[in-house]
Amino acid sequence: MLATQDVCPSTTAHLTNEEWRGRLRQNAHVISVLMWSFAQDAAEFAKTDAWEEDGSATAIDWIRFNCNMASGAAANSVAVGETMARLPESSQALTEGEIGFAHLTTMARTADALDERFDEAPLLQKARENSPGKFYRICEHYRHAADPKRYAAEQAEQVENRYLKLSTWQDGSLMISGQLDPVGGAAFLTAVKPLARKMGADDDRSQERRYADAVVELASGGGSQAQIQVTSSVETLLGLAGAPAAEMEFSLPVSSKTIERLACDSSIARVLLDSESLVIDVGRSKRVVSEPGRRALNARDGSCRWPGCERPAWRSAAHHVIHWIHGGTTDLDNLVLLCHRHHWMVHEGNWQIVHGDDGRMLTIPPTVTFGLPRGPDQRRRES
Ligand SMILES: [Zn+2]
Ligand SMILES: [Zn+2]
């Protein structure tokens, strides 16, 4: 059994940069050659009944479990091993360090897909000249050119295979897992990525958190959609002590702060106030900012008014500086555009946003933070 010090000798402390480069290249080459040798063994192993003896469904399954490998890596090993005979020049190039095992895997998959239409020499030249990632794309183009029908069929199959699993946990959180085909995935990323960018130098949210925020923002549809249905008492909407939580479709009971935010720009379809079974159809009441009013607000603010934020108007909500539940009007001087995140910070996050003397908006952090994130643009605001 190898010990860590055999593979990672502790003599690297004084390596020069050039020695570091050589060391990493050399080790990567050794790994590639070992993977290549492993692939040959894996293909031979697949021909035996050793894996069946152990009760595995496939040789790949046996390798995955017994060699501590991800299923993709195990499958690649067998595939490369089985195709090796058709890739003599590529094998040679690998042992000479011209290409890596990742190149060889792509080569093998391409040879598999194209059968007799596969031509090793020109592709190997491309492999020598390009990184594995780029080479993969080149091979995709090559496969499309050689067999467009099969390529299209594979893409159609990827669409058939896409899925999204949604399961609600006991605490009401939604677990999401799934898979999208490349085209669907690209559409998703095109919508989500711009919303998941860092908002200012002090935005210390992780990338995963920003993706999650972006998906919620996308689903919330900025400030204009009226879809969510809630049932709330007047006391809850007023945030009075002792008031119950509000009921919201597809959710566990939600806090009065959240209802306050949803009611603020009326992204809820209706509020059913239950004390006297009074139904206020927010969608048609005067509390909603009218179309011309909203256009005037968009023209005045242009984007989210949080200092340093540039989320466009169509992605922002019309925030009532004094909430309509407390008698605030829908007049322009009581309204300010806030994007999804900053609207959340004002209501649930307890930040305040006020008009400064010079007409600019000032933000005031909550006095008790409970670990809430700092405002993304605090540094800029204070400077
Ligand atoms: Zn608001
Ligand atoms: Zn904003």
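This is a predicted model: local features need pLDDT of at least 70, side-chain atom pairs count only at pLDDT 80 or more; totals for chains, interfaces and linings use all residues.
Residues are numbered from 1 along each chain as its sequence is written, while chains are lettered from A and ligands numbered from 1 in the order in which they are written.

Colour by pLDDT, the predictor's confidence in each residue on a scale from 0 to 100. The chain average is 84, and 85% of the residues score at least 70. Select residues 378–383: here pLDDT stays under 50, and the model has 9 contacts beyond four places in sequence for this stretch. A contact means that the C-beta atoms of two residues, placed from the backbone, lie within 7 Å. Of the contacts in the chain between residues at least 6 apart in sequence, 54% join residues at least 24 apart. Buried residues account for 24% of the 383 residues. The terms are set by counting other C-beta atoms, placed from the backbone, within 10 Å of a residue's own: buried is 20 or more, exposed is 12 or fewer, and partly exposed is in between.

**H2 and H6**

Select helix H2 (residues 17–47) together with helix H6 (residues 88–95). They pack at an angle of about 145°, and their axes are 9 Å apart. The axes are lines fitted to C-alpha atoms, for helices over the stretch in contact, and angles run from 0 to 180 degrees between N-to-C directions. Show side chains where the helices meet: Ser32, Val33 and Trp36 come from H2, and Ser91, Leu94 and Thr95 from H6. By class, this contact has 3 nonpolar, 3 polar and no charged residues. Nonpolar covers Ala, Val, Leu, Ile, Met, Phe, Trp, Tyr, Cys and Pro; charged covers Asp, Glu, Lys and Arg; the others, Gly among them, are polar.

Keep H6 selected. Its buried residues are Ser90, Ala93 and Leu94. Seen down the axis of H6, they fall within an arc of 100°, so they line one face of the helix. The arc is that of the directions from the helix axis to the C-beta atoms. Exposed Pro88 and Gln92 are on the face of H6 turned away from its buried side. After H6 comes Gly97, with a positive phi near 80°.

**H4**

Next, select helix H4 (residues 59–66), where Ala59, Ile60, Trp62 and Ile63 are buried. Down the axis of H4 the buried residues fall within an arc of 160°, so they line one face of the helix. Their cover includes H2, helix H3 (50–53) and helix H5 (71–83). Just after H4, Asn68 has a positive phi of about 55°.

**Ala243**

Move to the loop between helix H13 (234–238) and strand S4 (247–248), where Ala243 lies. Ala243 is partly exposed, with 15 other C-beta atoms within 10 Å. Ser233 is 10 residues away along the chain, and its C-alpha atom is separated from that of Ala243 by 7.7 Å. Beyond four places in sequence, Ala243 is in contact with Ser233, Glu235, Thr236 and Ser256.

**S7 and S8**

Select strand S7 (residues 316–320) and strand S8. The two pair in the antiparallel sense over 5 bridges; pairing requires DSSP to find at least two bridges between strands. Ser316 has Cys339 in S8 as its bridge partner. In S8 (residues 335–339), 5 of the 5 residues are buried, so the strand is largely enclosed by the rest of the structure. Leu335, Leu337 and Cys339 point one way from S8, and Val336 and Leu338 the other.

Within S7, pick His319. His319 counts as buried, with 25 C-beta neighbours inside 10 Å. Beyond four places in sequence, its contacts include Cys264, Asp265, Leu335, Val336 and His343.

**S9 and S10**

Finish at strand S9 (residues 352–355) and strand S10 (residues 361–364), which pair in the antiparallel sense over 4 bridges. Val354 stands opposite Leu362 in S10. The hairpin has 5 residues between the strands, and Gly359 takes a positive phi near 90°.
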